[in-house]
Amino acid sequence: MRIEAPCALNFLIYIQNIFINQNNKNEEYRFPYISSKMAFDKEFLLRFEELWNEVSERICDDHINSAKIFYDEEDLFYNRLFANSSCSLKDYREIYKAFKVWWNSFAGQFSIERSIDEKSHGLYEELGNSLSQKGINPKKELSIFLVYDECLFVDLEVTSYFAVIPLKVFYVKYKDVVHKLVAHIIEDKN
């Protein structure tokens, strides 16, 4: 079992939260809060879902793709989610740099992944015991990808050996996570 926090998907959550904050009327803000207005694409929600699905699929194929997408295809996010102008490109570069600084700091990726250390051992044992009781040997490694906040624009369906799980869900709905993972592994066996 592999548990990690992919920077590309977490960056999409970061952009999602900026979009939500900018369009939020009730002042219940999400991290990060940015006071300036970003020029998002008119079809932001549709494009976000398409990009999320594309990035998730590439990461599912090979977890190394997350870093490659974020660092080598930096403009992919801008070209798909933001209005094309010199001003919006400048704003995007600031968002990208701010995320990169946070992500590479002790408070970013390291903290997200370490926050579930103890629970991940329990998850490993519970999954192993449950599958063993059912006489099932997994066909391949289970990959769990953590995101720092909920993805509100895309349904995070669990597939047999790939799951994207927000930290809050990992803690608050831990038993549901275990049951869903086991159910999808069993489903894949049939």
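Which residue stands opposite Val-164 in S3? Phe-145 does.

Before going on, note that this is a predicted model, where local features need pLDDT of at least 70, side-chain atom pairs count only at pLDDT 80 or more, and totals for chains, interfaces and linings use all residues. Residues are numbered from 1 along each chain as its sequence is written, and side-chain values use heavy atoms, leaving out hydrogens and water.

Let's start with the sheet. Two strands count as paired if DSSP finds at least two bridges between them.

| S2 | 143–147 | five parallel bridges with S3 |

Now for a helix (a DSSP H or I run of at least four residues). In H3, residues 65–72, you'll find Asn-65, Ser-66, Ile-69 and Phe-70 buried, meaning under 20% relative accessible area with a 1.4 Å probe, protein chains only. Down the axis of H3, these buried residues fall within an arc of 130° (taken from the directions from the helix axis to the C-beta atoms), so they line one face of the helix. Their cover includes helices H1 (7–22), H2 (44–61), H4 (74–81) and H5 (86–104).

Val-164 turns up again in the lining of the largest pocket: it is one of the residues nearest the centre, along with Leu-156, Pro-166, Val-169 and Lys-180. S3 and helix H9 (174–189) each supply at least two lining residues.

Note on methods: Buried < 20%, exposed > 50% of the residue type's maximum accessible area, 1.4 Å probe, protein only. Contact = heavy atoms within 4.5 Å. 1 Å grid on protein atoms, 1.4 Å probe; cavity = no way out; pocket = protein on both sides within 12 Å on 5 of 7 lines; lining within 4 Å.
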